[in-house]
Amino acid sequence: MRLQEIQKKIKDAFEVFDHESNDTVDVREIGTIIRSLGCCPSEGELHDLIAEDLLSQVSSRMVEEEEPTGYIRLEKFLPMMVKVLLERRYRPIPEDLLLQAFEVLDSAKEGFLTKEELVKYMTEEGEPFTQEEMEEMLSAALDPETNTIQYRDYLAMMVIDEN
Amino acid sequence: MGCNSSIQYEDRKSEKAIKAAVLIQNWYRGYKSRLELRRRQAMNIFESIEYADEQDQLQLANFFSFMLENYTTNNKDSSESLSQLFVNTTKRKLEPETFIRNINVPDTYYGPRLKFPLTFSDVILLIDAFKENQILHARYVLQLLQEVKKVLQQLPNIVPVTSTLSKDLTICGDIHGKLDDLFLIFYKNGLPSGNNRYIFNGDFVDRGQNSMEVLMVLFSFLLVYPSDVYLNRGNHEDYLMNMRYGFTKEIMQKYKEHGGKILRFLEEVYTWLPIGTIIDEKILVIHGGIAENTDLNILKQIKRNKMKSVLMPPITHSGVNLKYGHHDLPLSSISAIDQLSKIEWEQMVNILWSDPRSKKGCHLNTSRGGGCYFGPDVTTNVLDKFALKMIIRSHECKPEGYDICHDGKIITVFSASNYYEEGSNRGAYIKLGQDNVPRFFQYQSNHITQGKTLHERVDIVESAAFKILGERMISRQSSLIKAFHKYDPNNTGKISVRDWAKATEEVLELSLPWLSLCPRVVKMIENGYVLYEMGFKDMPVVKAPQEAKSATIETLVRYRSDLKIIFNIIDRDQSGLISMDEFRAMWKLFSSHYNIDIEDAHVDQLANSMDLNKDGSIDFNEFLTAFDVVHRLDRNSVKSQN
C-alpha cells in the first residue's frame with residue numbers, strides 16, 4: 001500500500017471521531033480508531049502507546065484514575081500511526097491462530113466450549129471483558145439450544161461477516 | 001519430584017490458557033472497533049442531515065417575514081387574507097372551558113376517564129392504558145391541557161429548586177416521543193413523587209411515535225406533583241417545529257375530530273413552559289446552551305409566552321436591519337404586535353438552540369442556523385457573572401447518552417435512546433447526590449433489536465443512514481448532474497473521485513467524508529474515475545404522476561416539509577383543504593421566494609389531472625403524498641402487497 005493511501009485511510013478513521021472538525025479527537029476514542037484500522041493491540045499495548053507516544057505533547061491532565069484524559073491532535077497521531085502500519089505492528093490475528101486459541105481453552109477437546117467455560121475465561125483471565133463485551137460476544141457465539149459455543153462455526157461466520 | 005513437574009505442567013497449561021484468552025479478547029475488541037467505526041459514520045450522516053434540515057428552517061422563517069412584509073401594505077385582494085392568516089395565526093381563539101366539558105365521550109370508549117383535579121391513581125391508570133396502546137380521548141386531552149396551562153402560568157421563567165437530602169433529584173434530557181424510554185427511566189428510577197423529584201429538560205415531542213402519550217404522562221405528573229416535577233421548554237416545544245418533525249401528523253392521525261383544537265391549545269401551552277430551572281442557585285438547567293451575552297436578569301423578566309415559534313421572529317419597522325441567524329430580514333411596515341424585543345428574542349433563541357464547542361469564543365451556530373457555538377471561555381464568563389457552578393443542558397444526541405465538557409462545567413444529558421435508529425445511541429439521566437455531584441445512569445431500549453447481534457444492529461443503523469442520504473440526493477439530482485458536468489467540460493461522462501466529492505459537498509451542503517463515501521454511493525468507479533451518468537446505488541424513487549416534470553418532482557421532494565407547514569397555516573380550520581385560489585397564490589409566492597423555475601400553469605395542470613380540485617378546493621396532503629419517496633426495500637414489500 002502506498003504511503004498516500006495509508007495516510008488517507010488513517011485520516012478517514014480519525015475524521016469519524018473528530019466531532020468538531022478541528023483535527024482533534026478525545027483520547028478515549030483512540031483505541032477504537034487504532035483497532036478499526038486493522039490493528040490488534042492488547043489493552044496494555046494500547047495504554048503504553050497512548051502514554052508514551054501520544055500524550056507527551058498534548059495539553060491534558062492525567063487524573064488520579066488510570067484513564068487518561070485530553071485530546072489527541074491529528075498531526076501527532078498521523079506519523080505515529082503510519083509507523084505502526086508500515087512496521088506491521090499489532091497485526092490482526094490469523095484465523096488458524098484463533099482456532100488454536102479456542103482449542104487451548106477447550107480442555108476436554110470436545111470441539112465446543114460451554115457457556116460457563118467461555119464466560120469464565122473471558123471475564124476472569126487475560127484482559128477481562130466487561131459484562132457488555134461478554135454479552136455481545138455471546139449473542140453471536142452462543143448456540144441457545146445447546147448452550148455451547150461451537151467455535152469452528154463461530155469463527156467461520158465471523159470471517160464471512162468481516163468480508 | 002513428581003509434584004514439581006506436575007505443578008510446572010499446570011503453570012504452563014494455565015499460562016497457555018491466559019495467552020489464548022488474551023488473543024481472543026484482542027481479536028474481538030478489534031472486530032468491535034471496526035463495527036463501532038461504521039456505527040459512528042452512520043451517526044455522523046444522521047447528524048449532519050438533521051442539522052442541515054434545521055438550517056433549512058431559516059429559509060422558511062425568511063419566507064414568512066417576506067410574506068408579512070410584502071403583502072400587508074400593498075395588496076388588497078386574496079393575498080391580503082393570506083397574510084392576515086399569518087398575522088392572525090397567533091390570535092386563534094381557544095375553545096372555552098364549557099365547550100370542552102360538553103364534548104361527549106361515547107360509551108364505546110374504554111380508555112381512562114380522567115377526573116380533575118388529577119390524583120396519582122389517575123396517572124397510573126393513564127400509564128397502564130398507554131402500555132396497552134390506548135389513546136386518551138380528546139376531551140381529557142383538552143381538559144388536561146387547560147389545567148396544565150393554569151399551573152404553568154403561575155411559574156416564573158426560571159424556576160428555582162432547592163435540593164434536600166431526603167428527596168432525590170433526577171434530570172432527564174430529550175425524550176422525543178419515545179414512550180418506552182420514559183417508561184424505562186421510571187422503571188429504573190421510580191415514578192415521580194414528593195420524594196422523587198424530576199426535571200425534564202425539553203424536547204418531549206417530535207420524531208418518536210408517542211409524543212402525545214409522553215406529553216400526557218409528563219403533564220399529568222406535573223398536575224399531581226406541581227412542586228416536584230419541573231418541565232423546561234425545548235426547541236421542539238414549538239407548534240411550527242411540530243409540523244415539520246412529526247408531532248402534528250401524529251395528532252391529526254390519532255385525533256381526527258378534535259385534532260385542530262388540540263393543536264391550538266398546544267400552541268399556547270408551549271409558550272407558558274418555563275425556560276429553565278436553577279438548582280440551589282448554582283446549577284442552571286436549560287435546554288440548549290448560552291451565548292456570551294446571556295443575561296439571566298433579562299431572561300427572568302421576559303414575557304416568555306410571547307415567543308410563539310422560532311420560525312416567527314419579531315419584526316420591527318425601524319430603520320435598522322434585523323438579523324435572524326446570518327440573514328437580513330426585510331424591513332416591514334407592520335406595527336409591533338405582541339412580540340418580544342430583538343434582544344429578548346435573541347436571548348431566548350440562544351437558550352433553546354446553542355451548542356457547546358471546544359473552540360473559544362461565541363460563533364454563530366452554522367449547522368443549525370440558530371443559536372451559537374459557545375466555547376469554554378464563554379462558559380466560564382457566564383458562570384462567573386451569575387455565580388453559577390455548572391450548566392446541565394440537552395439538545396444534542398450523544399452516543400453514550402451524556403457528555404461532559406468545558407472542564408466539567410457543561411453537562412449534556414440526552415434521554416432518547418436509539419434516537420436516529422435502533423442501535424444508534426444510549427440514553428441517560430442524571431441524579432444529583434450529596435453536594436450536587438452528578439451521577440449518570442445509562443440505558444438503551446431494545447425491543448426491536450433484542451436478539452440481534454452487534455453486527456446486525458450496526459447493519460440496521462447503517463442502512464437507515466444511507467437511506468436518508470439517498471433521499472437528500474434525489475431531491476437535488478439535477479443540481480448534482482449540473483455540477484458534475486462542470487467538472488467534465490469535454491463530456492466524457494466521468495470525473496475524478498476528488499472532483500465528485502467536491503461537487504457533491506457543494507450541492508448537498510453536507511460536510512461528510514465524501515471521498516470515503518463515494519464507493520458506497522455511486523454505481524461505477526473505474527481507475528479512480530466516477531462514471532456519474534451511471535447513477536447512484538440504491539436511490540429511492542419518487543412515485544409521481546406521469547405528467548409531473550422532473551423539476552417539479554425534485555422541488556416537491558426537497559421542500560415537502562416547508563410546503564406542509566405553509567399549507568397547514570393557511571388551512572385555518574384544519575380541514576385538510578384550501579381553496580384553489582389560495583393554493584395558486586401560495587405557490588406563486590413560494591416559487592418566487594425560493595427561486596424555483598416551474599411554470600404556475602404546470603402546477604395547476606397537475607392539481608387538476610390528479611383530480612385534487614374538489615369544487616375549488618385542494619386536498620394538499622394528498623397532493624404532497626403523491627410525491628412521496630419510496631425506497632428499494634419498501635418497493636419490494638409494496639409489490640408483494642399487490
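Predicted model: local features only at pLDDT ≥ 70, side-chain atom pairs only at ≥ 80, totals over all residues.
Let me begin with the interface. The size of an interface is often given as the accessible area lost when the parts come together. Here chain B and chain A bury about 3800 Å² between them, and 61% of that area lies on carbon and sulfur atoms. On the side of chain B, the residues that lose the most area to chain A are B:Ile24, B:Trp27 and B:Arg29, which together account for 19% of what that side buries. The contact draws 36 residues from chain B and 45 residues from chain A.

What about charged and polar pairing? Across this interface there are five salt bridges, and A:Glu29 forms a salt bridge with B:Arg40, where the closest N and O atoms are 3.0 Å apart. Between the two chains, 16 residue pairs are in polar contact.

Now to chain A itself, where helix α6, residues 115-124, packs against helix α7, residues 131-141, at an angle of about 145°, with the axes 11 Å apart. The crossing of α6(A) past α7(A) is right-handed. Among the residues making this contact are A:Leu118 and A:Met122 of α6(A) and A:Met137 of α7(A), and the contact has six nonpolar residues, one polar and one charged.

Conventions. Residues numbered from 1 in each chain as written. Chains lettered and ligands numbered in written order. Heavy atoms only, no water. Axes fitted to C-alpha atoms, helices over the stretch in contact; angles between N-to-C directions. Helix = DSSP H or I, 4+ residues; strand = E, 2+ residues; numbered from the N terminus. Left-handed = near helix turned anticlockwise from the far one by under 90°. Contact = heavy atoms within 4.5 Å. Nonpolar A, V, L, I, M, F, W, Y, C, P; charged D, E, K, R; others polar. Buried area = accessible area lost by both parts, 1.4 Å probe. Salt bridge = Lys/Arg side-chain N within 4 Å of Asp/Glu carboxyl O. Polar contact = N/O pair within 3.5 Å; in protein donor to acceptor, adjacent residues only side chain to side chain.
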